[in-house]
Amino acid sequence: MDFTFTEEQQAAVEAAKAVFADVAPDSVPSPALTRGAVADAFDRPLWAKLAGSGLLSLALAEEYGGAGLDTIALCLVLREAAKVLARVPLLEHCATAMAVQAHGGPELAAALLPGAGRGTLVLTAAAHGRTGHDPAELAVTARRDGTQWTLDGVQTSVPWAHSADWIAVPAHTGEGEAVLALIPRTAEGLTLADQYSTSGERLAELALDGVRVPATHLIDNPAAWDRLRQLLATGTCALALGLGTGVLTMTSQYTSKREQFGFPVATFQAVAVQAADRYIDLRAMEVTLWQAAWRLDAATGGAGGPLPSAGDVAVAKIWASEGVRRVVQTAQHLHGGFGADTDYPLHRYHAWAKQLELQLGPAAAHEEALGDLLAAHPLS
């Protein structure tokens with residue numbers, strides 16, 4: 001099989017590298033790290049560059065001004081974004097747009113997707129932090145009332161909610177089915193309260209008190225939430241891969257210059273072995289990520305059930321959750337005191353890595369889910 005990327009996918013990578021080339025890691029100050037000062041963590045100039053380069057619309061169809069590319073192309077761009085800890089809602093925005101394109105009605109798609117592709121409308125998703133690793137726990141209820149739906153409940157840890165124009169909120173109906181509602185941030189009955197992540201990222205707690213949503217803005221199809229959840233999970237794996245790649249590069253450069261006993265510490269066997277182990281982790285994270293991303297676009301579900309995509313996403317999450325933690329821990333160890341110096345960027349990568357690990361959920365839970373899938377769909 002040919003595992004090389006297509007010319008269009010490689011072009012997306014080159015465009016992303018050009019956009020992120022001058023971005024300093026985590027350049028926008030975090031409110032949690034500036035002693036409570038409320039700052040807009042959204043890097044608006046960078047967002048404008050992404051829109052101008054066509055990277056916000058690369059997975060949208062041509063009718064919405066997009067390039068018609070796939071999940072792999074999006075993950076390639078996300079990998080580059082994570083290398084510099086770019087503070088933009090690239091994952092949530094694009095994943096929500098892709099879910100709307102795949103399952104939303106024509107009126108909803110026409111209202112949101114052209115603006116989303118141009119970057120004039122910002123989308124995010126209320127998905128249990130970022131990846132929705134516990135999809136059974138939908139805290140928002142939706143009940144139909146004629147041509148409208150009414151939503152009630154609380155959703156926590158919503159990224160970019162303060163900066164977004166529209167928020168995708170999963171909810172459950174009285175029959176227990178999952179629906180996906182697209183709600184404007186200024187909707188009556190919707191209030192936002194500040195929360196902060198491990199990395200200092202500004203999140204929001206959404207309280208929905210009788211929020212009215214027209215039927216055209218609600219996707220009454222459980223597949224929409226399932227696809228959005230898996231897109232977010234796979235995209236988070238791409239962020240973990242990009243972050244880990246950036247950290248290993250930083251570690252390689254540091255150990256090549258840092259000398260002990262007259263020799264670079266990179267020449268010491270103990271250092272080289274640890275770095276090699278982390279390189280193996282990154283390659284495992286990479287291959288499982290591309291497998292999951294390909295499955296999301298190629299699998300139809302059908303008679304085979306959820307295994308074609310859900311199993312591969314679970315494997316990618318296992319490696320990403322464990323791998324990114326090991327990479328940053330080794331980097332901290334090999335950097336010594338520099339790793340904890342707040343004037344040196346590694347501590348920010350460590351904070352972001354911990355947040356990604358928490359958002360992905362524990363590897364043991366994904367291993368259990370994978371076992372359940374294999375039990376339900378035994379391999380022939």
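**View 1. Helix 4 and helix 6 lie roughly antiparallel to each other.** This is a predicted model, in which local features need pLDDT of at least 70 and side-chain atom pairs count only at pLDDT 80 or more, while totals for chains, interfaces and linings use all residues. Residues are numbered from 1 along each chain as its sequence is written, and side-chain values use heavy atoms, with hydrogens and water left out. Helices are DSSP runs of H or I with at least four residues, strands are E runs of at least two, and both are numbered from the N terminus. Helix 4 covers residues 90–103, and its axis comes within 9 Å of the axis of helix 6, with a crossing angle of roughly 150°. Axes here are lines fitted to C-alpha atoms, for helices over the stretch in contact, with angles from 0 to 180 degrees between N-to-C directions. Angles under 35 degrees count as roughly parallel, over 145 as roughly antiparallel, 65 to 115 as roughly perpendicular and the rest as oblique.

**View 2. A closer look at the residues between helix 4 and helix 6 shows a right-handed crossing.** A crossing is right-handed if the near helix is turned clockwise from the far one by less than a right angle, and left-handed if anticlockwise. From helix 4, look for L91, E92, A95, T96, M98, A99, A102 and H103. Their partners on helix 6 are A223, A224, R227, L228, L231, L232, G235, T236 and L239. Contact means heavy atoms within 4.5 Å. Sorted by class, this contact has 11 nonpolar, four polar and two charged residues. Ala, Val, Leu, Ile, Met, Phe, Trp, Tyr, Cys and Pro count as nonpolar, Asp, Glu, Lys and Arg as charged, and the others, Gly among them, as polar.

**View 3. Helix 4 also packs against helix 5 (residues 106–118), with axes that come within 10 Å.** The two axes cross at roughly 150°, and helix 4 and helix 5 are therefore roughly antiparallel to each other. Helix 4 passes helix 5 in a left-handed crossing. On the helix 4 side, pick out H93, A97, V100 and Q101, which meet L108, A109, L113 and A116 of helix 5. This contact of helix 4 with helix 5 holds six nonpolar and two polar residues, and no charged ones.

**View 4. Helix 6 (residues 222–257) and helix 9 (residues 346–360) have axes that cross at roughly 155° and come within 10 Å.** Helix 6 is thus roughly antiparallel to helix 9. Helix 6 passes helix 9 in a left-handed crossing. Helix 6 brings A233, T236, C237, L239, A240, L243, V247 and M250 to the contact, and helix 9 brings L346, Y349, W352, A353, L356 and L360. These residues divide into 13 nonpolar, one polar and no charged.

View 5. With a relative accessible area of 0%, A73 counts as buried; the cut-offs are under 20% for buried and over 50% for exposed, with partly exposed in between (1.4 Å probe, protein chains only). Setting aside neighbours within four places in sequence, A73 is in contact with Q9 and L58. From A73 to F5, the C-alpha distance is 8.8 Å across a sequence separation of 68 residues. A11 is partly exposed, at a relative accessible area of 44%.

View 6. Most residues other than glycine have a negative phi. S157 is not glycine, yet its phi is positive, near 55°. S157 sits in strand 3 (residues 148–159) and is partly exposed, with a relative accessible area of 25%. F261 likewise has a positive phi near 55°. F261 belongs to the loop between strand 9 (259–260) and strand 10 (263–264), and counts as exposed at 73% relative accessibility.

**View 7. Stepping back, the protein has 10 helices and 10 strands.** Of its 380 residues, 53% count as buried. Among contacts between residues at least 6 apart in sequence, 75% join residues at least 24 apart.
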